Amino acid sequence: MSTSARYWREIPQRYRYEASKCKGCGAVWFPPRLICSACGKKEFEDVVLPGTGKVKTFTVIRVAPSEFSDEAPYAIGIVDLDGGPAIQCQIADCAPEDLKTGMAVKIEFRKVKQEGEAGIINYGFKAVPVL
Amino acid sequence: MAGIVGYGAYAPRYRIKVEEIAKVWGADAPSYKRGLKLVEKSVPAPDQDVITMSVEASRNALRRARIDPADIGAVYVGSESHPYAVKPSGTVVGEAIGATPNIHCADLEFACKAGSEGMFIALSLIDAGKMEYALAIGADTSQGAPGDALEYSAAAGAAAFIFGAKNTVADVEHTFSFMTDTPDFWRREYMYYPRHAGRFTGVPAYFKHVTGCATAILDMAGMKPEDFDYAVFHQPNGKFPLTVGKKLGFTDKQMEPGLLCPRLGNTYSGSSPMGLTAVLDIAKPGQSVFMCSYGSGAGSDGFIFRITDHITGVQDLALKTTDYLDKNQVYLEYGAYAKYRKKIRLGE
């Protein structure tokens, strides 16, 4: 089944890393929320996540779902963004044995998956080691 | 005067050496390295394509242009390896950089000169006063058939240029285009790999069109090769641009800063545009830059740029092109390369 509509709805976050910042307590939420989980307020301003951070933790996927089997083994991690929230994403361009917590990474635009040979290509963000 | 207000490049970090490809096909690596003047080429990761590289190059261009992306009025992506047969690359790029929805967008294709086509159109829109800024991208993840001479050079990379009329870093003083119908390289619909006409790709194709375009634009400008600080030509291999440049009267010193092919390979639509980004990274105010693209089929676009005082303030605002060439390369064996480039047919 096509997931075009769902993919399309998530474009602001997947393409441009748009988050919401609570006008009450300043907490940044990604993806955006309707109610701040920290203070309960409902007013937010749009912010864009910083493009750099450090690997907080990660796990290596060796037996991957079929959509990702070409890329196995690959790492999924939590990245503490510099001055921003933590996000979960794939960590690309790095062999699992070279990956370390605390490693400096930047966010790059990548293919996340494609819906078979005839379906749409899903683009989004991944973390990669800084040059 | 209209010109470039921001520029950026992107290249994947994976590489494969000529020796690694030659080993698999029983070819003589030294003769390929000598013949192509090429030691290695870039390889896109499995999660990279023309769209992802275009976005990254455009973001580098935006960092240098320091403009609101919403002020960009057009996005043109030139490539012969657009990920979709039907669905624009430019819509994804425009959306990702925050330029939508008030933009004109088109995907262009003209073998290796689709990038300079976009540059020509973007510049013309600025010259015509139709918009404040226009973005032109040249990007490719081209494929050579396994064992074919093209496999040693077909590489991946992208260059992006934001054109505008204010705060330019390089003014465009002259342009010229030269084109004939010349069947030197092609790929038919549904075909996975391109075909080429062997030695016919040389004298009647690359050399005729580059020489024709370069000679005409120099005449138009009333300039000689020695009037330029840098010269960038399309780089299908490391040899052709140096040969044509010398025939025209340019020197190695003028051409080497923009000659990326020996370490990067042929990035097709990104080739001469990426060479231009490498030159802009080191250019000084007042210097002049000559650029001539080439696309099979066949044609060339020529540009003459004059570097402005603004260049020094933007060069360090994004990664430089040589950073992508020199830092953290990951070298692949042929097996991984074949998997990454989907040269291996998998079962259902």
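**Ground rules**

I number residues from 1 along each chain as its sequence is written, and chains are lettered from A in the order in which they are written. Because the model is predicted, I take local features at pLDDT of at least 70 and side-chain atom pairs at pLDDT 80 or more, while totals for chains, interfaces and linings use all residues, and side-chain values use heavy atoms, without hydrogens and water.

**Entry 1: chain B as a whole**

I started with the fold of chain B and found 13 helices and 14 strands (DSSP runs, numbered from the N terminus: helices are H or I with at least four residues, strands are E with at least two). Its C-alpha atoms fill a box of roughly 55 × 45 × 40 Å along the principal axes.

**Entry 2: where the chains meet**

Next I turned to the interface, where 24 residues of chain A are in contact with 27 residues of chain B. The two chains bury about 2,200 Å² between them, 51% of it on carbon and sulfur atoms (accessible area, 1.4 Å probe, lost on being put together and summed over both). I counted five salt bridges between chain A and chain B (a side-chain nitrogen of Lys or Arg within 4 Å of a carboxyl oxygen of Asp or Glu). A:Arg110 and B:Asp47 form a salt bridge at 2.9 Å, N to O. On the chain A side, the elements giving two or more residues are α2 (11-16), β7 (104-114) and β8 (121-129). Of these, β7(A) gives the most, with six residues.

Which strand holds B:Thr141? I found B:Thr141 in β6 (residues 133-141) of chain B, and B:Thr141 is buried at 10% relative accessible area. B:Ser81 sits in the loop between β4 (72-78) and α4 (89-96) of chain B and is also buried, at 14%. A polar atom of the B:Ser81 side chain lies 2.8 Å from the backbone nitrogen of B:Thr141. The B:Ser81 side chain also makes a polar contact with that of B:Asp140, at 2.4 Å (N or O atoms within 3.5 Å, one able to donate a hydrogen and the other to accept it; residues adjacent in sequence count only if both atoms are side-chain atoms).

**Entry 3: salt bridges inside chain B**

I then followed B:Lys113 to B:Asp301, a salt bridge at 3.1 Å, N to O. The two residues are 188 residues apart, with B:Lys113 in the loop between β5 (104-108) and α5 (114-127) and B:Asp301 in β13 (residues 297-307). Are they buried or exposed? B:Lys113 is buried at 6%, and B:Asp301 is buried at 2%.

My last stop was B:Lys343 with B:Glu151, a salt bridge at 3.6 Å, N to O. B:Lys343 lies after α13 (334-340) and B:Glu151 in the loop between β6 and β7 of chain B, so the pair ties together parts 192 residues apart in sequence. Both residues, B:Lys343 and B:Glu151, are buried.

Terms used
Contact = heavy atoms within 4.5 Å. Buried < 20%, exposed > 50% of the residue type's maximum accessible area, 1.4 Å probe, protein only.
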